[in-house]
Amino acid sequence: MNYEDRDQYGIYKSRAKGITTSAGENSPAPAFMGAETLIGSDVYNHKSENIGSIKEIMLNLHDGKVAYAVLSFGGFLGMGEKLFAVPWVSLSLDAKNRYFVLNVEKEYLKGAPGFDKNDWPNMADKTWSDQVHAYYCR
């Protein structure tokens, strides 16, 4: 599913022709996106393979920035799915296809530090954060 499908307020409908960036270029990508419309967005890798969807957006309340997108991977109807936090900076928006891209192989993702939906990590823990960033921000 993509962000336009969940756009209940019409945020992106007026952007169909693209927007002008601060550099004066025309871009189909919105400059700002509503968090609610991001939840459920598909995530693909650089080979155009679907590798999951965004389940949650984690904000750092100390600096006001988006820290992580929590992705789901695998499983069926929520059973056996693995959750993992991906640093927001590791994702890019493919505005043409209306999905997010994470440049990792599916096999690499299977070994990613993940967690169960009933046992979330302490994302403020520096050791955990360093491990996650080292995995994705290489």
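1. The structure is a predicted model, in which local features need pLDDT of at least 70 and side-chain atom pairs count only at pLDDT 80 or more, while totals for chains, interfaces and linings use all residues. Residues are numbered from 1 along each chain as its sequence is written, and side-chain values use heavy atoms, without hydrogens and water.

2. The mean pLDDT (the predictor's confidence in each residue, from 0 to 100) is 83 for the protein, and 75% of its residues reach 70 or more. Confidence is lowest in strand β1 (residues 19-20), with a mean of 50, and highest in strand β3 (residues 42-44), at 95. Strands (E, at least two residues) and helices (H or I, at least four) are DSSP runs numbered from the N terminus.

3. The largest pocket holds about 290 Å³ of space. Its lining has 14 residues, of which L59, N60, A67, Y68 and M123 are the closest to its centre. Two or more lining residues come from each of β4 (50-60), β5 (65-73) and α3 (126-136); β5 gives the largest share, four residues. A pocket is an open set of points on a 1 Å grid over the protein atoms alone, where a 1.4 Å probe fits, with protein on both sides within 12 Å along at least five of seven lines; lining residues have an atom within 4 Å of a point. Grid points are joined across faces, edges and corners, and a volume is the space filled by probe spheres set on the points.

4. By class, the lining of the largest pocket has eight nonpolar, four polar and two charged residues. Nonpolar means Ala, Val, Leu, Ile, Met, Phe, Trp, Tyr, Cys and Pro; charged means Asp, Glu, Lys and Arg; the others, Gly among them, are polar.

5. The second largest pocket has a volume of about 210 Å³. Its lining includes P30, F32, I57 and W88, and divides into ten nonpolar, one polar and no charged residues.
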